Amino acid sequence: MANAAERVYTLIKETVEQQGLTLWDVRFLKEGASWYLRVFIDKAEGITIDDCTDVSHAIDPIIDEADPIDKAYYLEVCSPGLERELTRDFHFVWAVEKEVKIKLYKAIDGKKEFRGILKSAGEEIILQTEDGEKSFNIKEISKANLCDFE
């Protein structure tokens, strides 16, 4: 159902941006017996409940009209949070000079997790770690998060 999330992302991106916000990501997930369409929004000064409510009201008719999802689901609009996941190219570019934690699909030198300052983003990710500079192909990364919680 990742395609449903991408379709929704494309459908609502302009509307979210017209409200002065960034559309961080869209996820369509099953939790227990229920499906959730989660829309993550962001802005420099942080997201408020009013931002979430306004976006929800603005995008709900767009999603209903396009009807890109053939299941019943709950729509949630929220902030990506302090430990926001980095999944899109622009996320990595945004996170340059910030501390991140990455997990790899396969271990390199016996390690699958690395933490450090993101120095460069693109096909190759360069991370300044305690052990020096490390370079990873973005396709080697299974998960990446911002470390903005300490």
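Modeller: Strands and helices here are DSSP runs numbered from the N terminus, a helix being H or I over at least four residues and a strand being E over at least two. The model is predicted, with local features needing pLDDT of at least 70 and side-chain atom pairs counting only at pLDDT 80 or more, while totals for chains, interfaces and linings use all residues. Residues are numbered from 1 along each chain as its sequence is written, and side-chain values use heavy atoms, with hydrogens and water left out.

A pocket is an open set of points on a 1 Å grid over the protein atoms alone, where a 1.4 Å probe fits and protein lies on both sides within 12 Å along at least five of seven lines; lining residues have an atom within 4 Å of a point. The largest pocket holds about 150 Å³ of space, taken as the space filled by probe spheres set on points joined across faces, edges and corners. E5 gives the largest share of the lining, 6 residues. Among the lining residues are Lys 111, Glu 113, Arg 115, Gln 128 and Asp 131. By class, the lining has 2 nonpolar, 3 polar and 6 charged residues. In that count Asp, Glu, Lys and Arg are charged, Ala, Val, Leu, Ile, Met, Phe, Trp, Tyr, Cys and Pro are nonpolar, and the others, Gly among them, are polar.

The loop between E5 and E6 contains Gly 122. Gly 122 counts as partly exposed because its relative accessibility is 36%; buried means under 20% relative accessible area, exposed over 50%, and partly exposed in between (1.4 Å probe, protein chains only). Gly 122 and Asp 89 are 33 residues apart in sequence, with their C-alpha atoms 7.1 Å apart.

As for the rest of the chain, the protein has 3 helices and 8 strands, running α-β-β-α-β-α-β-β-β-β-β from the N terminus. Of its 150 residues, 36% count as buried.

The largest nonpolar core has 21 residues. Such a core is a set of buried Ala, Val, Leu, Ile, Met, Phe, Trp, Tyr and Cys residues joined through side-chain atoms within 4.5 Å. Helix H1 (2-18), strand E1 (22-31), strand E2 (34-42) and helix H2 (49-66) each supply at least two residues of this core, and H1 gives the largest share, 6 residues. Another core, of 18 residues, lies apart from it and includes Trp 24 and Cys 78.

Asp 25, in strand E1, counts as buried because its relative accessibility is 5%. The side chains of Asp 25 and Arg 27 are joined by a polar contact of 3.2 Å, that is, a pair of N or O atoms within 3.5 Å, one able to donate a hydrogen and the other to accept it within protein, with residues adjacent in sequence counting only if both atoms are side-chain atoms. Asp 42, in strand E2, is also buried, at 10% relative accessibility. The side chain of Asp 42 makes a polar contact of 2.5 Å with the side chain of Arg 84. Beyond its neighbours within four places in sequence, Asp 42 is in contact (heavy atoms within 4.5 Å) with residues including Trp 24, Pro 80 and Arg 84.
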